[in-house]
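These are my notebook entries on one structure.

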Amino acid sequence: EPRITFVVVQKRHNTRFFPVNPEEGDPLGNIVPGTVVDTQVCHPYEYDFYLNSHAGIKGTNKPTHYHVLLDENGFTPDTLQLLTYRFCYVFARATRSVSIVPAAY
């Protein structure tokens, strides 16, 4: 029987992240693509994380908030976060990474 992992993707929030040292960010002052935040600002008991998967073209990046509701595959948090980040590079109409997983479009 197939197993499923169900994740809710959210972009409607007001959370922004900035690098502690400006030298560690991109030229616009944003965090670099691939940055994951899964502690401190996330829910203490639920399985959620923020992922900044794209480089900002103009202005401040808005990371995507992912809520894992069901994980029958038993992914570790690091594995699921890396898989999510890599999926952001497979959108057919873009040559760069996109902000959310293409399956959510």
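**Cysteines**

I looked up Cys42 and found that it counts as buried, at 13% relative accessibility; buried means under 20% relative accessible area, exposed over 50%, and partly exposed in between, with a 1.4 Å probe and protein chains only. I note that this is a predicted model, in which local features need pLDDT of at least 70, side-chain atom pairs count only at pLDDT 80 or more, and totals for chains, interfaces and linings use all residues. Residues are numbered from 1 along each chain as its sequence is written, and side-chain values use heavy atoms, with hydrogens and water left out.

I found that Cys88 is buried too, with a relative accessible area of 0%. I then searched for disulfides, each being a pair of cysteine sulfur atoms within 2.5 Å, and the count came to zero. Cys42 is in no disulfide, since the nearest cysteine sulfur, that of Cys88, is 16 Å away.

**Sheet**

I traced four strands in an open sheet, in the order 1-4-3-2, with antiparallel pairing. Strands are DSSP runs (E, at least two residues), as are helices (H or I, at least four), numbered from the N terminus; two strands pair if DSSP finds at least two bridges between them. Strand 1 (5-10) and strand 2 (35-37) stand at the edges with a single partner strand each, so one side of each has no neighbour in the sheet.

I recorded six bridges between strand 1 and strand 4 (residues 64-71), which run antiparallel. Val9 stands opposite Tyr66 in strand 4.
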